[in-house]
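Here are a few notes to go with the structure, as promised. Have it open while you read.

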Amino acid sequence: MRIATFNINGIKARISALTDWLNDQKPDVVFLQEIKSIDENFPCEYFEDMGYTVETHGQKSFNGVAILSRLPLEDVQRGLPGDDTDEQARWIEATVVGDKKPVRVCGLYLPNGNPNPGPKYDYKLAWMKRLKTRAQALLNTEEPGVMCGDYNVIPQDEDAANPQVWQTDALARPETRAAYREILNLGFTEAFRTRTQGPGHYSFWDYQAGAWNRNDGIRIDHHLLTPQAADLLKECWIENAVRGREKPSDHVPVWLELDA
């Protein structure tokens with residue numbers, strides 16, 4: 001089972017880039033973030049013609065998440081539990097039925113939180129508390145489970161080319177990192193770091209100031225695995241080259257391969 005998480009930064013702006021990538025790589029499942037489209041306007045036909053089932057949780061002009069899957073999907077749910085007043089489209093989950101076994105996969109777009117301090121940062125931390133609750137419930141099932149997406153969290157200084165620039169940013173504040181560690185410490189495995197150690201590995205490069213050409217990036221897109229999913233882990237990698245294509249997103253796909 002080959003799963004990719006990909007913040008596409010606007011489905012309408014990136015439709016050609018996304019379909020080209022899908023034709024090249026043919027992932028089994030893709031979790032998209034920042035589709036920036038309401039459900040009714042999402043161009044499902046492009047992907048359905050390629051053999052994908054499409055499930056979306058959209059929002060006009062902002063946020064929005066989606067699943068594209070060649071594998072059967074069951075029990076699709078939208079919205080992170082815990083706050084019925086939250087109207088931001090940042091969470092979608094489903095059971096992906098693999099050839100060997102099913103895996104519960106949750107796709108997320110965690111709030112950025114800037115400017116901080118302030119209401120946006122308070123929302124980010126509150127969202128992470130709700131995420132921790134959902135994460136614990138996922139663990140309690142004792143089944144293979146994955147939480148993947150754009151976490152807007154730089155876990156450690158080595159995950160930024162210039163960590164000093166990010167010290168006061170909501171992505172790297174001590175409170176953000178502590179909340180992320182609390183989730184990890186419930187019993188999750190961060191897939192990429194089980195396979196690749198050390199600095200120099202990024203999944204986001206800003207459009208400004210030639211960040212891509214200077215490799216001035218940060219690593220903020222992650223796959224967190226329950227113990228049962230970690231037992232199935234075959235590989236996890238970042239597909240950097242996509243950032244150098246025509247009209248790219250500022251993020252690149254992060255891949256997860258499970259023996260499922």
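1. Before anything else: this is a predicted model. To find the pairing on screen, look for Thr5, which stands opposite Val254 in E14.

2. Now zoom out to the whole sheet. E1 and E14 belong to an open sheet of six strands, ordered E3-E4-E2-E1-E14-E13, and the pairing is mixed. Strand E3 (53-57) and strand E13 (233-238) sit at the edges with a single partner strand each, so one side of each has no neighbour in the sheet. From one strand to the next, the twist averages 15°.

3. Next, a helix on that sheet. Helix H1 (residues 15-25) lies across E1, strand E2 (29-33), strand E4 (65-69) and E14, and runs at about 160° to E1.

4. Then there's a helix pair to look at. The axes of helix H3 (residues 119-140) and helix H4 (residues 174-184) come within 9 Å and cross at roughly 10°, which means H3 is roughly parallel to H4. By class, their contact has eight nonpolar, one polar and four charged residues. On the H3 side these include Tyr121, Leu125 and Met128, and on the H4 side they include Ala179, Tyr180 and Ile183.

5. Finally, which residues lie nearest the centre of the largest pocket? They are Tyr109, Pro111, Asn112, Gly113 and Asn152, out of 25 lining residues. The volume of this pocket is about 510 Å³, and its lining has nine nonpolar, nine polar and seven charged residues.

Key. Residues are numbered from 1 along each chain as its sequence is written. This is a predicted model: local features need pLDDT of at least 70, side-chain atom pairs count only at pLDDT 80 or more; totals for chains, interfaces and linings use all residues. Side-chain values use heavy atoms; hydrogens and water are left out. Two strands pair if DSSP finds at least two bridges between them. Helices (H or I, at least four residues) and strands (E, at least two) are DSSP runs, numbered from the N terminus. Axes are lines fitted to C-alpha atoms, for helices over the stretch in contact, and angles run from 0 to 180 degrees between N-to-C directions. Contact means heavy atoms within 4.5 Å. On a 1 Å grid over the protein atoms alone, a cavity is a set of points where a 1.4 Å probe fits but cannot get out, and a pocket is an open set with protein on both sides within 12 Å along at least five of seven lines; lining residues have an atom within 4 Å of a point. Grid points are joined across faces, edges and corners, and a volume is the space filled by probe spheres set on the points. Ala, Val, Leu, Ile, Met, Phe, Trp, Tyr, Cys and Pro count as nonpolar, Asp, Glu, Lys and Arg as charged, and the others, Gly among them, as polar. Angles under 35 degrees count as roughly parallel, over 145 as roughly antiparallel, 65 to 115 as roughly perpendicular and the rest as oblique.
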